[in-house]
Amino acid sequence: MAEIDLLRSLPKTQRNIRKRSEGKSEAVIAEARKFGEMYWDGPREYGYGGYRYDGRWRSVARDIIRHFSLTPGARVLDVGCGKGFLVKDLMLECPGLEAFGLDISLYALVHCEREVVGRLHLGSAEKLPFPDGAFDCVLSINTIHNLPRPKALQAMREIQRLSGGRAYVQVDSYRTPGQKALFEDWVLTALFHDYPPGWIKLFEDAGYTGDYYWTIVD
Ligand SMILES: C[S@@+](CC[C@H](N)C(=O)[O-])C[C@H]1O[C@@H](n2cnc3c(N)ncnc32)[C@H](O)[C@@H]1O
């Protein structure tokens, strides 16, 4: 297991934490947790505030391909793939790569990029519908914290089962009480979050041997 930031090339998003915090209510949180139209393409207080392909994942795809030495024919799964932007960019960066995704959001899959039609599966991270060792690499970016701890643990076991540890997982975290407070003002959908040592304990409990990093609001 290694801590490595494979999203380092992604442009920093501007977050208006005060506005999000003021707009938050039980109703907004419940709507966001459906991962439907409001979460993806509704007003910003519900989630992304309109999530459209702009190629920003291409440099991340390049770094992932380099890190895992992926070559044409290799099979990659993105758990929590959303509209499939990273799946598309992995295939653009490495023609011949067999990239697939899985997500719980029917809305995201129905609004996926044309290039990934047929490659995205509807499902939940704690029960991945693929055989052991089915992929050369499994990714999961900003998704596993959306499950309660027991299911997050099960999802990590599933990622390990499919990948044999050639995997990268990024989750919501914080390193200081100040960052934790900011995160708690910002968060809508996460059901489990912790400081890095808490996450690393969960990874170890799941027998996960892949790589990981943190999304920290600051
Ligand atoms: C913050 S978005 C991240 C999307 C994408 N990975 C990215 O980084 O742009 C969280 C994603 O997790 C998905 N999700 C939430 N719960 C899930 C679950 N139990 N299984 C699979 N995907 C889930 C959501 O539908 C959404 O696509």
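This is a predicted model: local features need pLDDT of at least 70, side-chain atom pairs count only at pLDDT 80 or more; totals for chains, interfaces and linings use all residues.

Reader: OK, ligand. Which residues come nearest?

Author: There are 19 residues around the ligand, and those that come nearest are Gly 80, Asp 103, Ser 124, Ala 125 and Ile 141.

Reader: What does Asp 103 do there, in terms of distance?

Author: Asp 103 places a polar side-chain atom 2.5 Å from an oxygen atom of the ligand.

Reader: And Gly 80?

Author: With Gly 80 the backbone is involved: one of its polar backbone atoms is 2.7 Å from a nitrogen atom of the ligand. Ile 141 also uses a backbone N or O atom, 2.9 Å from a ligand nitrogen.

Reader: How much of the ligand's accessible area does the protein cover?

Author: On its own the ligand has 590 Å² of accessible area, and the protein covers 92% of that.

Reader: What kinds of residues make up the shell?

Author: Ten are nonpolar, eight polar and one charged.

Reader: New topic. How do α4 and α5 pack?

Author: Helix α4 spans residues 58–67 and helix α5 residues 85–93; their axes are 8 Å apart at an angle of about 65°. The crossing is right-handed.

Reader: Which residues meet?

Author: Among them are Val 60 and Ile 64 from α4, and Leu 86 and Leu 90 from α5. The contact has seven nonpolar residues, four charged and no polar.

Definitions and conventions. Residues are numbered from 1 along each chain as its sequence is written. Side-chain values use heavy atoms; hydrogens and water are left out. A residue is near a molecule or strand if one of its heavy atoms lies within 4 Å of it. A polar contact is a pair of N or O atoms within 3.5 Å; within protein, one must be able to donate a hydrogen and the other to accept it, and residues adjacent in sequence count only if both atoms are side-chain atoms. Accessible areas come from the Shrake-Rupley method with a 1.4 Å probe; for residues, only the protein chains shown count as cover. Ala, Val, Leu, Ile, Met, Phe, Trp, Tyr, Cys and Pro count as nonpolar, Asp, Glu, Lys and Arg as charged, and the others, Gly among them, as polar. Axes are lines fitted to C-alpha atoms, for helices over the stretch in contact, and angles run from 0 to 180 degrees between N-to-C directions. Helices (H or I, at least four residues) and strands (E, at least two) are DSSP runs, numbered from the N terminus. A crossing is left-handed if the near helix is turned anticlockwise from the far one by less than a right angle, and right-handed if clockwise. Contact means heavy atoms within 4.5 Å.
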